[in-house]
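Have a look at the picture, then read on.

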Amino acid sequence: MIHQPLVLGGEHAGRALAERLLEEYESVTFIDENEAVVAHAIERGIDARAAAFDEPQSLRAAWNENADAVIVVGRIDPTNLLLTQASRTTFDVDRVTVLVNDPQNTDVFEDLGVEVICVTSLVTDMVVGSRAEPAEDARAGG
């Protein structure tokens with residue numbers, strides 16, 4: 001069971017996710033590189049912290065040691081990979097969920113044993129699925 005999720009990156013999308021999670025959890029931490037987004041998150045009542053993701057000391061200083069689940073939602077897969085690996089190895093978080101932006105990178109993340117969400121694949125499946133349903137309905141009724 002998750003008690004204190006930590007959202008890494010994603011700028012406004014990450015902030016919105018942290019805000020939504022705050023409706024379900026008593027404590028949520030949001031870490032992002034964009035200080036303006038972090039300031040906005042703080043205004044919204046989120047425990048938000050700025051960190052440079054490519055600087056281990058900066059990330060370490062911003063990290064919430066009580067986090068028991070991490071959701072990585074950045075737009076750049078190599079950065080997401082770095083944050084995913086740091087979550088697992090440096091910060092010893094067992095439950096990590098990561099947004100994968102390029103479907104070709106999914107296997108790399110899955111090999112790390114993390115939960116993977118690929119928006120491109122989800123949207124494609126929804127669009128293709130919604131296109132197939134009316135045709136199936138027309139054949140069934142026709």
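A polar contact is a pair of N or O atoms within 3.5 Å; within protein, one of the two must be able to donate a hydrogen and the other to accept it. Keep in mind that what you are looking at is a predicted model.

**A loop residue tucked inside**

With that definition in hand, take N64, which sits in the loop between helix 3 and strand 4. Its side chain reaches the backbone nitrogen of N66 at 2.8 Å. Is N64 buried or exposed? N64 has a relative accessible area of 8%, so it counts as buried, the cut-off being under 20%. Setting aside neighbours within four places in sequence, N64 is in contact with Q4, L6, T29, D47 and R49.

**Salt bridges**

Two of those partners, D47 and R49, also meet each other through their side chains in a salt bridge. How many salt bridges does the model have? The count comes to seven. Here are some of them, with their N to O distances and the relative accessible area of each partner.

| Pair | N to O distance | Relative accessible area |
|---|---|---|
| R75 and E11 | 3.4 Å | R75 60%, E11 27% |
| R15 and E19 | 2.6 Å | R15 13%, E19 21% |
| D47 and R49 | 2.8 Å | D47 29%, R49 24% |

Salt bridges that share partners also join R15, E19 and R44 into one network.

Now for the pair R75 and E11, joined by a salt bridge. R75 belongs to the loop between strand 4 and helix 4, while E11 belongs to helix 1, so the pair ties together parts that are 64 residues apart in sequence. R75 counts as exposed because its relative accessibility is 60%, whereas E11 is partly exposed.

R15 is buried, and E19 counts as partly exposed. D47 and R49 are each partly exposed too.

Helix 4 runs over residues 77-90. How far apart are the end C-alpha atoms of this helix? They are 19 Å apart, which agrees with the 20 Å that its 14 residues should span at 1.5 Å a residue. D77, N80, L83, T84, A86 and S87 are buried in this helix. The buried residues pack against strand 1 (5-8), helix 3 (56-62), strand 4 (69-72), strand 5 (95-100) and helix 5 (106-110). Just after helix 4, D92 takes a positive phi of about 55°.

In soluble globular proteins, nonpolar side chains tend to be buried together. In this model, the largest nonpolar core has 20 residues, and L6, L8, I31, L59, W63, V70 and V72 touch the most other members. Which elements each supply at least two residues of this core? They are strand 1, helix 3, strand 4, helix 4 and strand 5. The largest share, three residues, comes from strand 5. Apart from this core lies another one, of 13 residues, including V7, V28, V38 and I46.

Not counting residues up to four places away in sequence, V70 touches L6, L8, W63, S87, V93, R95, V96 and T97.

Definitions and conventions. Residues are numbered from 1 along each chain as its sequence is written. This is a predicted model: local features need pLDDT of at least 70, side-chain atom pairs count only at pLDDT 80 or more; totals for chains, interfaces and linings use all residues. Side-chain values use heavy atoms; hydrogens and water are left out. Helices (H or I, at least four residues) and strands (E, at least two) are DSSP runs, numbered from the N terminus. The expected span of a helix is 1.5 Å times one less than its number of residues. Buried means under 20% relative accessible area, exposed over 50%, partly exposed in between (1.4 Å probe, protein chains only). Contact means heavy atoms within 4.5 Å. A salt bridge is a side-chain nitrogen of Lys or Arg within 4 Å of a carboxyl oxygen of Asp or Glu. A nonpolar core is a set of buried Ala, Val, Leu, Ile, Met, Phe, Trp, Tyr and Cys residues joined through side-chain atoms within 4.5 Å.
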